[in-house]
Every structure is written in C-alpha cells, then in structure tokens.
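User: I have a model open and want to learn how to read its features. Can you take me through it step by step?

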Amino acid sequence: RSEKLAEFFGILFGDGHLSNYQVSISTNSQTDKEHALYTKKLIEELFEIKPYLRIKKNENTVEMVASSRNLVKFLNKNGMPIGNKIENDLTAPGWIRNNSLYRKGFIRGLFDTDGCIYLDKHKIKNKVYKHLGLTITSYADNLILDIIDFLKSFGFTPTNRTTQRSVFLRRQKEIVRYFREIKTSNPKHYNRYIKFIGEVPKW
C-alpha cells in the first residue's frame, strides 16, 4: 500500500473495470493517451506486469488490459469490485480513507480520469467575468460523499449538485492550491490549467 497504489485505485474507480481474469482501463485516445501511457508504466512499476494497449479508432478509445487472476484478486481484496462498479455500491476503501497521503493519491487518480477543469464565463452589466472551476463526476452515491469528505479533509470547500452527479471546487485560490498540493498526472489537465491561469505554477 502506497500513495501510488492509492492513485491507481482512483484511476480504476474512474475508468477501470475488473472481470474474473482481467483488469481493463478505457480512456479517450485523443485527449488522454499520455495519461494512458502513464497508467501503463504505473501498472508495470506496482505489479511487474506489462499490460497491452488496444486503440479503437472508430470509438476514439484506448483500452489497457492486464491479464492476471492474481492481480484481480489483489485489487478486489483491497476494495475494487468485480463487475459493475455502480451496482456494487462503489466506495473508497478503508485503507485509503484512513491515510491522508493515500487520500491525496486517490483523489488525484480519480480527478485525472473523471475530472475536468474549465473556465466559467458570465456577463454582468456588459462586463465578462471569468472564473476557473474544477469538478469530479461520479454516478456512485457513496463515492460522491467520499470525494467531498476527502477534499474537506485537505481544507477545501467543495460543493455538490446531486442532479449533475458532480463535486465542484469554485474558489480560485483553492484550485491553485489543488494543483500545487494534490497535483495531476494527466497532461491534459495540467496544460488546460496553465492555459487558463497564464503561468507555470511553482511546484
């Protein structure tokens, strides 16, 4: 158990799936290919298993597959359900919940797969205002509560819209702090963040 393993669990909870014999992770081949390669290296480092990548051009999808029953058993034992994640009442494992370093890694992995950073624009008296926003989306009720609790444990003030299945960070200083403290392993998010704030953060 480590921060990197917790990050991998966040990735799994976002884009992953367990069958009885395989671990698979699917993501967008156009926007998240670099993160897919990062995840591949993470699997090799953590488990000494080399997954293979399969690109589905007609679906703009890259799928990563690791065939290992022992790996499936290990991941399932540590909190990743086999089969449909939502039907299995997806929730963060206790070993992650009870360790601040693991919570940080888990949130990073989850945001990197099921998160988004965006620029919210609105006009008041013909003047355009721009605000940075960060969101993580999940259809698992208990996981939404976990995301809120984890972010609060780091001093953030998340908001939740149950109809949109999303957790938001809206305060600009908190979003900057998120990228400094929680960080991201997905170049897509990092590049969008740099584009929006106009400078390279001092990490």
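This is a predicted model: local features need pLDDT of at least 70, side-chain atom pairs count only at pLDDT 80 or more; totals for chains, interfaces and linings use all residues.

User: Is α5 largely enclosed by the rest of the structure or largely exposed, and why?

Analyst: Start with the count of buried residues. In α5, 11 of the 15 residues are buried, so the helix is largely enclosed by the rest of the structure. The cut-off for buried is under 20% relative accessible area.

User: Which residues of α5 are buried?

Analyst: They are Y102, R103, G105, F106, I107, R108, G109, L110, F111, D112 and T113. Charged residues are on that list too, including R103, R108 and D112.

User: Now the core. How many residues does the largest nonpolar core have?

Analyst: The general idea is that in soluble globular proteins, nonpolar side chains tend to be buried together. Here the largest nonpolar core has 52 residues. F9, L75, F106 and Y178 have the most contacts inside it. Helix α1, residues 3–15, supplies the largest share of this core, with 7 residues.

User: What does Y178 touch?

Analyst: Leave out residues up to four places away in sequence. Y178 then touches I107, R108, F111, L134, L151, F156, L169 and K183.

User: Which residues line the largest cavity?

Analyst: Read a lining by residue, then element, then class. The residues are I11, D15, I25, T27, H35, A36, T39, M64 and T113. Two or more of them come from each of α1, β2 (22–28) and α2 (33–47). α2 gives the most, with 3 residues. By class, the lining has 4 nonpolar, 4 polar and 1 charged residues.

User: Last, a single residue. Where does N76 lie, and what does N76 touch?

Analyst: N76 lies in helix α3, residues 69–77. At 35% relative accessibility, N76 counts as partly exposed. Not counting residues up to four places away in sequence, N76 touches L18, P81 and I82. L18 is 58 residues apart from N76 along the chain, yet their C-alpha atoms are separated by 8.1 Å.

Definitions and conventions: Residues are numbered from 1 along each chain as its sequence is written. Side-chain values use heavy atoms; hydrogens and water are left out. A nonpolar core is a set of buried Ala, Val, Leu, Ile, Met, Phe, Trp, Tyr and Cys residues joined through side-chain atoms within 4.5 Å. Buried means under 20% relative accessible area, exposed over 50%, partly exposed in between (1.4 Å probe, protein chains only). Helices (H or I, at least four residues) and strands (E, at least two) are DSSP runs, numbered from the N terminus. Contact means heavy atoms within 4.5 Å. On a 1 Å grid over the protein atoms alone, a cavity is a set of points where a 1.4 Å probe fits but cannot get out, and a pocket is an open set with protein on both sides within 12 Å along at least five of seven lines; lining residues have an atom within 4 Å of a point.
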